[in-house]
Amino acid sequence: MIFRLGSLSVLFLSQLCFGSADAIQAEAAALAQQDSALAEQAQQPPAARPKSPFESVPQAEGEQPPAAPKPPEAKKPGPFETVPEVKEPEAPKPVAPVPEAAKPGAPAVVPDVIEYIEFRGARRVPQDTLRAMIFSRRGDRYDPDAIHRDFMALWNTGRFDDITVEREPGKTGWIIRFLLTERRVIRTIKYEGVKSLTVSEILDRFKERRVGLAVEQQFDQGKIQRATNVLKEYLAERGRQFATVTPVVRQIPPASVELTFRVEEGPKVKVGKIEILNNKVYGDRAVRRAMRNLRPVGIPRSIFLENLFAKTFDQAKLDEDKERIRFFYSNHGYFLARVTDSNVTLRDFRGRLWIPPFTATKPGKKADIKLEVDEGLQYRLRNINFVGVKALKTPEIFFKPLFGMGTGDVFSVEKLQKGIKNFQKFYGEYGYIDAVPEPDFNPLPNGQIDLTINVDEGKQFFVRRIDFQGNTTTRDKVIRRELLLDEGDMYNTRLWELSILRLNQLGYFEALKEEEAATITRDTRNSTVDITLKVKERGRNSVTLNGGVSGIAGSFIGFGYATNNFLGLGETLSISAELGDRLRNVTFGFTEPYLFDRPISAGFTIYTQRFNYDQAREVSLFSGRNLIPLYEAIGRDNLLNYVSNGWGGTVFLSYPLRRIFARLSLTYGYDRSNIRALNTSSNSYFQYSQFLNFEGPNSLSGIVTSRVIPAYTYNTVDHPITPSRGKSFFASVSFAGGPLGGNVNMIEPTISATYFRRGLAPRHVIGGRILGRIITGYGGKVAPPFNRVFMGGENDVRGFEIWSILPFVYIPSEGVITVRNPDGSARQQKIIVDGKVQTVDVLQQIPIYQLVPTGGDTQGVANFEYRIPIVGPLTLALFFDAGVNRISLQNQLRLNPGRIASLNGTFPQAGFENRSIVIDATQRIRTSTGVEFQIMMPVVNAPFRLYWAYNPTVVQQWFIPPIAVTPSMFPNMATFQAATLSFANPAPYFERRTMFRFTISRTF
């Protein structure tokens, strides 16, 4: 028996129960034949056998004899049986000695058992998978209903275009065979003729609209039609209103297809003239500005440059703009204003001809839009009523602070919408988290409106339990102490919002969002809520290892480790070491954010450092060239070569103010430095000149700085590494010396402010920072030279070299030249050294002005960034930096009086004064702008930055030193000219216009 269900025979399923029309016809013929046999049997002797159902049956219904009345004891055979009905076996009875011989050709009785199940025609679906889809198994009793159920299970998978079920007798039962025709699979999808869209944009739109069409999926005509419609709609949004999309299917043997969408985009429809009719209060320009979708692109708020480029036309966008016009009027009090009618007229336009090498635009169509506006009256708020308010006795007094308008003010729908949100947050602060305010309006004919706010307060909820998920390392108590809500407290939406902000400021977790970070389960019966906070740990450890070998700087190796969540307790631990021929530095720091389980932050830092200064090596590193051989020719005893050793530490305490984002801190620091000269020249230089002739604590025996720094900090920035919202303010005063001891007297006030907010798009970030600092000494002392301000680099003004923005000055000093003969040759003399006569050059000391980069005492920095996320951790930032470093306190740049007196005694003709000569050009403001790529690295916990900067304001000039000598000081003019060329030559100082650099960390 065979029964079959194809793609066109599904409608017969409910009527035929199982099988096809051919099978039912065959069964009807068998039934008719059986009824005829039973009638003949009733007339013939009892020994006659009924006809076998396997014998031939009549081909036409007209040839069948009429059926005799059905005997009551006859049983109707099953619809799938092809053998006579077999009665149940009875108890064994004695039989005759000689059995009756079987007639030739009689069929054997097949047991109602499934001997085997096989599938044919399935190439992509394995046999085991198909057997798992059906319910019947080998050895089960044969049941037509069960086979029907298996048939439907296979059909409902949607994998097959046609299914046929066959059965045939086997050795021990029935063999069931499923003949399957698999549904075709889409091998490739092509888009021909599409120019306004990219393939990635089309796939994104298909995913957004859930089309479900992709490669290696089964061919479905319904999905193809839906994809065609979605593609046409997308093209219409791009101005291709007349585009046609034709799907073409090409068969790929044996069971695959190639799908091609052939697109004819047609002319592009641009927005033409936008005409506003019946508008009296606002002009056409003001109304068009409200149409964000279809208004032309230009310079906003300009008179002539607003209509530079037309946008593409789309009817859906026009409907949105009509709603925006209504919203624009309602925000200005015209509550009943609306767009009554709109008319769109399409017209052809010719392409514009442009000057070569630009090509002419293609011909297209313009959509001229006419909008009729009914402005109506301007409404003012008359009465405000609250209905259903029980928690507040006088809710009217909160209306103006929350809604931004009061009685007599122009009614604004925008302010009303913001006020509704503020009203819900206000109720949420008192535990009514389900409060729903619904406004009701009653506009009056006299231009006034009554506002009624119906409030469904709901229940007041309290916090029953707070749980945490995802904190695999961070302890629960570390999270709980940052929450401003405790179990048993009344739920407060404002405190919960601040709690999320405090957790983000820790930097332990991925950025938490208030709407998604927690699951709040309400128990309306007991008026309680259970809060489950879900966090995701971020990399808390930072490990660095570096090293290198240089022919100039020698060898070095560095190691660093830092964690902001040590052992999951929220403690900060850092250790770094750099060991090399030039620099040795070891630093260790530790911070406990909650001392004695109280919100007192305490910590300390200790360090030791050793710096080996070699003048030839440092100049080589700064210039990028190996100048050591040149300096070796001068002689080691004529160079600066010394070692600076120092050690120190800091301790600090900070305490929050009233559980807000402000803290007071107090830091104490102690530093001791020593300098050891390595040659005769260096020893004489430090002992006599005392650090470039400046006053201050510059003795070789030690420089001791004992300081205390009180500070105030306010910080609402949402994340320390990837900030997007918030502001911060920092103010401190560093006070050194005096009653604290040490030999450094210095005061250093500092102010810094940072601000972040949303940009033009939801994920864009606008950030800015301003910084100011000034340094001064007191008690007759000046600030030490190494504490003055040095600017430039990625931490302040990015387009300049590190520490290159600083004032330069000329200070009085002395130099040595070779005396010349009148012909310009070197004058020589004979001297006796160790009993031997030697010829050496005659030397003469002269007064000079030495160029010195002193550093400034006043610093000002301003930074601006616009950050645009690109993909994943990659961010593009447009920046602008400006900074100034100048000498504002001239009295803090005094020279050593003893040194000046010694120079004037040696060179009375020079007449040196106790002051320095500042080069004003080096005190100008520097600016830099450019583009920066930032990528966050999880291990380093700091962005890798690659930026290009252009510097609009730079210093590019020659520094001309003052001349302290006169011809009368020299034996001849040749010596005077040689001295002038050696110590009075102009020095070039040309800062670069552009900078390309890679660095790690942030500017702010």
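Being a prediction, the model is read with limits: local features need pLDDT of at least 70, side-chain atom pairs count only at pLDDT 80 or more, and totals for chains, interfaces and linings use all residues. Residues are numbered from 1 along each chain as its sequence is written, and side-chain values use heavy atoms, with hydrogens and water left out.

To start with the big picture, the protein has 17 helices and 40 strands; these are DSSP runs numbered from the N terminus, with helices being H or I over at least four residues and strands being E over at least two. Of its 1004 residues, 40% count as buried, where buried means under 20% relative accessible area, exposed over 50%, and partly exposed in between (1.4 Å probe, protein chains only).

Salt bridges come next. The structure holds 41 of them, each being a side-chain nitrogen of Lys or Arg within 4 Å of a carboxyl oxygen of Asp or Glu. One pairs E118 with R120, with the closest N and O atoms 3.3 Å apart. E118 counts as buried because its relative accessibility is 16%, while R120, at 44%, counts as partly exposed.

Another pairs D128 with R131, where the closest N and O atoms are 3.8 Å apart. Both residues sit in helix α3 (residues 127-133), three residues apart, or about one turn of the helix. D128 has 60% relative accessibility, so it counts as exposed; R131 has a relative accessible area of 28% and is partly exposed.

Then there is E865 with R867, whose closest N and O atoms lie 2.6 Å apart. E865 and R867 are both buried. Salt bridges with shared partners tie R798, E865, R867, D881, E932 and R945 into one network.

Finally, Q859 belongs to strand β33 (residues 858-871). With a relative accessible area of 9%, Q859 is buried. Leaving aside residues up to four places away in sequence, Q859 touches L771, G772, R773, V789, M791 and V884.

Terms used
Contact means heavy atoms within 4.5 Å.
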